[in-house]
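Biologist: I am new to this structure. Please pick one part and take me through it closely, then show me how it sits in the whole.

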Amino acid sequence: MNAARLLARIKHLELVSNRLVETLLSGNYRSVFKGPGIEFSEVREYSEGDDPRLIDWNVSSRMNGVYTKTFREERELVLFLIADVSPSVLKASGAHNLREIMEVLFAIFTFAAVNNNDQVGGVFFSDRIEHWVPPMKGKRHAFRLIQDMIDFTPRGRGSNLSQALRTTSEALKRRGICIVISDFKTSGYQKDLSLLARRHDVIAIRLASPDEQEFPRVGLVTLQDAETGKTITASGKNHHFRRAYHEHWQNQRQAWFRECRRQGVSPLEVSAGDDPVIKLFQFFQRRRGRA
């Protein structure tokens, strides 16, 4: 699939109208992500309700009337996508695999940035920095970025989120928006996430598999870690094992939400069975409500 076909597919997702996607690409994005400040726009004739403190007395005296200054939001944001391309994400199985969800989210953010004339770039990471695309403007650049994601095959086998966060923090010199898309099945990244959030507006999107919720009621099965290759044998008919399995992932999930909020990071979880567009739309609505 190429980037153009992915965008077309996003706009025709069964449960989502084109209008909803267009709203995500323009209005929601722009209202949620504000520019770094305001800049002077123009002088116009004063109207009832205008702030009298903004009256331009020099212009008013020359024009023999009352004129006020107007300002507009200063844009030129940088949106940077930090994408986990480790085997636990790209090779996860399910009715809707995690890679497909990540590609949809990646494409939506990329096109939203371009539609709002912002720069967009990204880094792909596994146990190393796999690929780096500096932030730039333009649809040609956006299509290239998305195509890179679709075609990408990582060389690494593990996850080093800490290195990706630290590299991004060192590379981005001005305040921007950082979107971290990962299953967060790694450790030791919290300090670097905190440092990134001090300088940038950070959103963490956790890709979750339904398999984390309940272990299936099956007989003996062999489970293999997609990154380390280690295996264990487990029985789904064992009630104590299923309960311990469920509690483990619930605790991991709750700790992740708690840690994100403590670091000033906005968390969003998208499961393999979710419609990623609707989840993102709902997230933007909640975030805009808090603004």
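Modeller: Let us take helix α9, and begin at its start. There, Asn-238 points a side-chain oxygen to within 2.9 Å of the backbone nitrogen of His-240. Keep in mind that this is a predicted model.

Next, the length. Helix α9 covers residues 239–262, 24 residues in all. At 1.5 Å a residue it should span 34 Å, and its end C-alpha atoms are 35 Å apart, so the two values agree. After α9 comes Gly-264, with a positive phi near 80 degrees.

Now the buried residues. In α9 they are Arg-242, Tyr-245, Trp-249, Gln-250, Trp-256, Phe-257, Glu-259 and Cys-260. An α-helix has 3.6 residues a turn, so residues three or four places apart point the same way.

Then the cores. The largest nonpolar core has 41 residues, and Met-102, Ile-179, Ile-205 and Leu-207 touch the most other members. Helix α5 (residues 98–115) gives this core its largest share, 12 residues. Another core, of 21 residues, lies apart from it; Phe-257 and Cys-260 are among its members, as are Cys-178 and Val-202. Phe-257 and Cys-260 are also among the buried residues of α9.

Last, the whole protein. It has 10 helices and 10 strands. Of its 291 residues, 47% are buried. Its accessible surface comes to about 15200 Å², and carbon and sulfur atoms hold 48% of that.

Technical notes. Residues numbered from 1 in each chain as written. Predicted model: local features only at pLDDT ≥ 70, side-chain atom pairs only at ≥ 80, totals over all residues. Heavy atoms only, no water. Helix = DSSP H or I, 4+ residues; strand = E, 2+ residues; numbered from the N terminus. Expected span 1.5 Å × (residues − 1). Buried < 20%, exposed > 50% of the residue type's maximum accessible area, 1.4 Å probe, protein only. Polar contact = N/O pair within 3.5 Å; in protein donor to acceptor, adjacent residues only side chain to side chain. Core = buried A, V, L, I, M, F, W, Y, C linked by side-chain atoms within 4.5 Å. Areas by Shrake-Rupley, 256 points an atom, 1.4 Å probe, with all protein chains shown as cover.
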